[in-house]
Amino acid sequence: MKNGSVYLDFNATAPAHDAVMEAVLHALRLSGNPSSVHSYGREARKCMEDARAVVADSLGVKPAQVIFTSGGTEANALALTQVQNRLVSAIEHPSAVVYAQEGRVICARPDGRIDIQDLQEKLSAAELVCVMAANNETGVIQPIREIRDLCQAQDARLHVDAVQAFGRIDFRFDDWGADSIALSAHKIGGPKGVGALVIRDGLPITPHMLGGGQEVRRRGGTENLPGIAGFAAAVKAMQALGPWQARAAALRDQMEANICAIAPDAVIFGANAPRICNTSAIAMPGVKAETQLMAFDLAGIAVSAGSACSSGKVAASPVLKAMGASDDLSASTIRVSLGWTTSEEDIARFIAAWSALYQRTRQAA
Ligand code: PLP
């Protein structure tokens, strides 16, 4: 991180671990194509298969169940385009919501969890249901097992976007009984532009990138070897971090308690639902998120407004809207996401900056 600055935007992307940089460099130095049969190719292939084994092992699956992609977006696309009839929850990341079909969106409840009754009512025509494990804006965790049971009863596939859950909560692939899950390396301190679709053993996958037989004919295109090696290094680095999640959760809770004490009108979205350890969606009513972002940036603090994946522009959040938030409240909400490097001083600085902005805007009103 830059000297003196506070980075609280881990859900947008996480700083790369040192071991990731080394692994990327090492893989860049391998000149072979993993598909080539000569010794250079075999060396590159070994690097890739070692990485696949690390990712697979972290989830308790066989390496053949891991299909490397260009990230979470492509993993979601690969899963969702396998079928014609999909049910997608209203709070999904844009990379999944884009595949939602007319009348086939699962509503959310005000606490950020999906409406199970609505899922039940819409399930009968669905071949595939897509629900994320943890939301990128609110951190709210979905009851995936319960959703899986309902899908199973209707013979529908379940795809879980686990991009924000991976590394934030402990889980193995079989814990959820999903047919596929999407992962992204850069949310856990790996390189950007690499991820994986992890599938149930034997699940047939029709490639959407054609023209090459890579990834056992499930995803064409020469694999991003440096990215893949970096992804595996990030998985190992996360495993070596120890239990940072409890510390992050305590800091997040302390931050929220402080903010609510300073500002009784502040709103924390999803606060009454189970959440991942690091995420907080905080509304400062009456103060636009853009204004807040600029004030925090000037104070050397990086946070974001809702999902930052879409280009730096701040639009009303469909996730908060689906939870029933008014446009005004949604427009005054920022997302604070902590990570393994977040310290007490970082949070103290954020609270001080939040409080100063709040007092200023209230005095001006
Ligand atoms: N799914 C979720 C929940 C995300 O938060 C993101 C990125 O923010 C993605 C998917 C997309 O992942 P990627 O940036 O690797 O394409």
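Ala-283 stands opposite Thr-333 in β12, and that pair is a handy way into this predicted model.

The partner of β12 here is strand β10, residues 279–283, and the two pair in the antiparallel sense over five bridges. Together with β9 they build an open sheet of three strands, ordered β9-β10-β12, with antiparallel pairing. At the edges sit β9 (267–269) and β12 (333–337), each of which pairs on one side only. On average, neighbouring strands of this sheet are turned by 30° against each other, direction ignored.

A helix accompanies this sheet: α10, residues 244–262, lies across β9, β10 and β12 and runs at about 10° to β10.

**The seven-stranded sheet**

Next comes an open sheet of seven strands, whose order is β2-β8-β7-β6-β5-β3-β4 and whose pairing is mixed. As a reminder of what pairing involves, strands of a sheet pair through backbone hydrogen bonds, either parallel or antiparallel. The edge strands of the seven-stranded sheet are β2 (66–69) and β4 (105–106), and each pairs on one side only.

If you follow β2 to its partner, you reach strand β8 (residues 195–199); the two pair in the antiparallel sense over four bridges. Within that pairing, Ile-67 stands opposite Leu-197 in β8. Helix α2 (residues 39–59) lies across β2, β7 (180–184) and β8, and runs at about 115° to β2.

| Strand pair | Sense | Bridges | Opposite residues |
|---|---|---|---|
| β10 and β12 | antiparallel | five | Ala-283 and Thr-333 |
| β2 and β8 | antiparallel | four | Ile-67 and Leu-197 |

**A helix pair**

How are α11 and α14 arranged, and at what angle do they pack? Helix α11 (residues 289–298) and helix α14 (residues 344–364) pack at an angle of about 130°, and their axes are 10 Å apart. The two helices are therefore oblique to each other. The crossing in which α11 passes α14 is right-handed.

Which residues make the contact between them? From α11 come Gln-292, Ala-295 and Phe-296, while α14 supplies Phe-350, Ala-353, Trp-354, Leu-357 and Arg-360.

Methods:
Residues are numbered from 1 along each chain as its sequence is written. This is a predicted model: local features need pLDDT of at least 70, side-chain atom pairs count only at pLDDT 80 or more; totals for chains, interfaces and linings use all residues. Side-chain values use heavy atoms; hydrogens and water are left out. Two strands pair if DSSP finds at least two bridges between them. Axes are lines fitted to C-alpha atoms, for helices over the stretch in contact, and angles run from 0 to 180 degrees between N-to-C directions. Contact means heavy atoms within 4.5 Å. Angles under 35 degrees count as roughly parallel, over 145 as roughly antiparallel, 65 to 115 as roughly perpendicular and the rest as oblique. A crossing is left-handed if the near helix is turned anticlockwise from the far one by less than a right angle, and right-handed if clockwise.
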